[in-house]
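Colleague: Before I plan anything around this complex, I would like to go through it with you, one question at a time. Could you show it to me first?

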Amino acid sequence: MADSFSTKPTPRRKFLDWLLGTSVGGLAAAVLYPATRYLIPPRAGESSAATVTLPLKPDDIAVNTGQIFKFGNRAGLLIRTSNNELKAFSATCTHLGCIVRYRPDLGEIWCACHNGHFDLNGRNVSGPPPAPLEDFTVNVRGDQIVVGKRT
Amino acid sequence: MPAMSNFARFYAWLDARTGVGALGKLAKKKDVPIHRHTAWYYLGGMTAFLFLIQLCTGLLLLFYYRPSAGEAYESVQFLMAEVQFGWLIRSIHSWAANLMIFTLFLHLFTVLLVKAYRPPRDLTWFSGVILLALALAFGFTGYLLPWNELAYFATRVGTQIAGVLPVVGNFLLRVLRGGEDVSGATLTRFYAIHVALLPITTLALVGLHVVLVQRHGMSIPLQAESAKGPKRSMPFFPNFLLRDLVGWLAALAILAALAAFIPAELGTKADPFASAPVGIKPEWYFMFMFQTLKMLPAHILGIEGELFGVLAFGLGGLFLFLVPVLDRKSAAGERSPVFTWIAVAMIAFIIVMTIVGYTVDPSA
C-alpha cells in the first residue's frame, strides 16, 4: 500500500496545487482588477471647441496688461502689449502647470511658482520651463474678442 | 493574608482575563542605556506623542469639515470664525503636523548619524523611513483640504511632478488628481487618503516599529560601546518614562503657545482661473526640493531639468532607505566615516536649500 502511494503521488498533488494556486490567483485578480480600474478616473470629455468668444470687450483690456480667460476647461492669458497688439496664449506653464501672469514691469509672461519667464511670442526665455507656451489666434470682430487654437 | 486594596483586586481580575501583568513585567525588565547620546532616545516618543495629538484633533476637525470644492473653504471658514475653539483645534492640528515632521526629521538624522540602523535594527530603519514618507504624504494631502489658493497651486505643482516621470507619469498624475486637472475630484481623493488610508497604514507601521524597538532594545552607538568604564543604564519604568513625559509636556507647551499666538491662516479661496500668487511656496519640509527644482536649468544632460531633479531626489530617498544594506562597515561593527560624511552632506544640503528658499526674492 505504502509503495503504491509513494510511486505516483506527485502528478495528482501537483494538479491540485495548481488548481488551488490558479483559483487563488484568479480570485486575487478578480478583486484587484475592478479595484484598480475604480481608482482610475473616467476620461472627461475634452472641450472640442476650437474657438471661444471672450466675455470681454477690446476696450476692457488696457495697454501693457494681461487677463486670464477660460478656454474650455483650461486657462488662457490675453495680453495687450505696449505696441497695442492683442496676443493670447495658454496660461498653463509648461514647467509644472501653474497659471502664468503678465508682468508689465518686465513686458514678459512670468510664472510665480518657479520663476519661469516667457517673451511675448510665448518662447521660454529663462528659468526652468522646458517649452514655449501654446499661442492662440486673436480676432477682434466689432466689440467681441474671439480666441482660437492654431491649426 | 493581608487585605488587598481595591486597585490590586481589580488588577488581579484584569490580569486573569487579559494577561496584562506580562506587559508590566516586560516594562520592569526594560533598561535604557546611559551615554552621551542618550538624549536622542526621546525623539521617537515625542514624534509618537505629536502623532497622537494629530489623531485627536483630526477627528475633531472631521465633525465640521466638508470635502467638496464648493464647500471645503467655507466649512473651514465657519470652523475658524463661528465654532467655539474651532480656530484652536485647527491651529493645533496644523502646528502639531509641523512639529511632528520636525521631530521626525531630527529622529531620522540622529539615528542616521549614530548609525543605530545597523542590523538587526535594519527592519526598524526601513519601517521608519516608510513612516517618514507617510508623514510627508499626510502633509501634502492635508495641505489641500482647506482649498485655498496656496494649497491649490502647491498641489498642482506637486502632482505635476509625479507627471514628469517617464512611462507611468501621466497615469500616476490622473490617478492622483482624479482627472486631468486639480479639481473637486482631487479634493475627495486627498480627503480619503488623508483621513482613512494614511492613518490606518501609519498606525499599523508604528505598531511594527515599536514592537521592533522593544524586541531589540535601544541601540548603543559604536563609540559608546567601545568606551572604557562600566556601562550605565536606567530602568525604562519609571525613570525613562517620566523623562519622556517631561519632554511631552514641553512639546505640548510649545504647541499651545504656537497655536495660540500664531494661529493657522486660511488665505483666499482657490480659483483655478487665476494666476499663481507671487511668493507661492510649499510647506517648509518640501522647501529644499522646491528650491532645487526652481534653480535647475530647463535641460540637463539632454533631459528636462525637473525630471533630472525628481530622479535625483528619488535616488536620494532610495539611498536613505537602503543605508543599512549599503553601510557594510558599520554592520560589521567598524567605524564608517564615509557614511557619516554622506549623512552630514545630505543634512547640510537640506538646511542650505531651505534657507535659500526662504530668503531669495520670489519676484526676481
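Colleague: Among contacts in chain B between residues at least 6 apart in sequence, what percentage join residues at least 24 apart?

Modeller: Please keep in mind that this is a predicted model. Chain B contains 15 helices and four strands, and its C-alpha atoms fill a box of roughly 80 × 55 × 35 Å along the principal axes. Of the contacts in chain B between residues at least 6 apart in sequence, the share that joins residues at least 24 apart is 77%.

Colleague: What percentage of the residues in chain B is buried?

Modeller: A residue is counted as buried here if 20 or more other C-beta atoms lie within 10 Å of its own. Chain B has 364 residues, and the buried part of them comes to 31%.

Colleague: Which element gives the most to the largest nonpolar core?

Modeller: This core has 52 residues, and those that touch the most other members are Leu77(A), Cys98(A), Val100(A), Cys113(A), Trp147(B) and Phe153(B). Several elements each supply at least two residues of this core, among them strand 3 (74–80) and strand 10 (144–149) of chain A, and helix 6 (122–144) and helix 9 (184–216) of chain B. The element that gives the most to this core, with seven residues, is helix 7 of chain B.

Colleague: Which residues of chain B does Cys98(A) touch, not counting residues up to four places away in sequence?

Modeller: Cys98(A) is one of the residues that touch the most other members of the largest nonpolar core. With residues up to four places away in sequence not counted, Cys98(A) touches Cys93(A), Cys111(A), Ala112(A) and Cys113(A) in chain A, and in chain B it touches Phe153(B), Arg156(B), Val157(B) and Ala276(B).

Colleague: On the side of chain B that touches chain A, how many residues are nonpolar, how many polar and how many charged?

Modeller: The contact takes 24 residues from chain A and 28 residues from chain B. On the side of chain B, the elements that give two or more residues are helix 7, helix 8 (169–177), helix 12 (287–295) and helix 13 (305–326), and the largest share, five residues, comes from helix 7 of chain B. By class, this side of chain B has seven charged, six polar and 15 nonpolar residues.

Colleague: What distance separates the centres of domain 1 of chain A and domain 2 of chain A?

Modeller: Chain A is divided into domain 1, which covers residues 2–39, and domain 2, which covers residues 51–149. Taken over C-alpha atoms, the distance that separates the centres of domain 1 of chain A and domain 2 of chain A is 60 Å.

Colleague: Why does helix 2 of chain A lie largely in the open?

Modeller: Helix 2 of chain A runs over residues 10–39 and reaches 42 Å from its first C-alpha to its last, close to the 44 Å expected at 1.5 Å a residue. Helix 2 of chain A lies largely in the open because, of its 30 residues, the number buried is zero.

Colleague: Where is Pro120(B), whose peptide bond from Pro119(B) is cis?

Modeller: The peptide bond from Pro119(B) to Pro120(B) is cis, with omega near 10°. Another cis peptide bond joins Phe237(B) to Pro238(B), with omega near 0°, and Pro238(B) is found in helix 11 (residues 236–261) of chain B. Pro120(B), by contrast, has its place in the loop between helix 5 (86–113) and helix 6 of chain B.

Colleague: Does Asn115(A) count as buried, partly exposed or exposed?

Modeller: Asn115(A) is found in the loop between strand 6 and strand 7 (116–118) of chain A, and its phi is near 60°, a positive value in a residue other than glycine. Because Asn115(A) has 19 C-beta neighbours inside 10 Å, it counts as partly exposed.

Colleague: Is Ile79(A) buried or exposed?

Modeller: Ile79(A) has its place in strand 3 of chain A. Leaving aside neighbours within four places in sequence, Ile79(A) is in contact with Gly66(A), Lys87(A), Tyr102(A) and Leu120(A). With 22 C-beta neighbours inside 10 Å, Ile79(A) therefore counts as buried.

Notes:
Residues are numbered from 1 along each chain as its sequence is written. Chains are lettered from A and ligands numbered from 1 in the order in which they are written. This is a predicted model: local features need pLDDT of at least 70, side-chain atom pairs count only at pLDDT 80 or more; totals for chains, interfaces and linings use all residues. A nonpolar core is a set of buried Ala, Val, Leu, Ile, Met, Phe, Trp, Tyr and Cys residues joined through C-beta atoms within 7 Å. A residue is buried if 20 or more other C-beta atoms lie within 10 Å of its own, exposed if 12 or fewer, and partly exposed in between; C-beta atoms are placed from the backbone. Two residues are in contact if their C-beta atoms, placed from the backbone, lie within 7 Å. Ala, Val, Leu, Ile, Met, Phe, Trp, Tyr, Cys and Pro count as nonpolar, Asp, Glu, Lys and Arg as charged, and the others, Gly among them, as polar. Domain bounds come from an automatic or database domain assignment. The expected span of a helix is 1.5 Å times one less than its number of residues.
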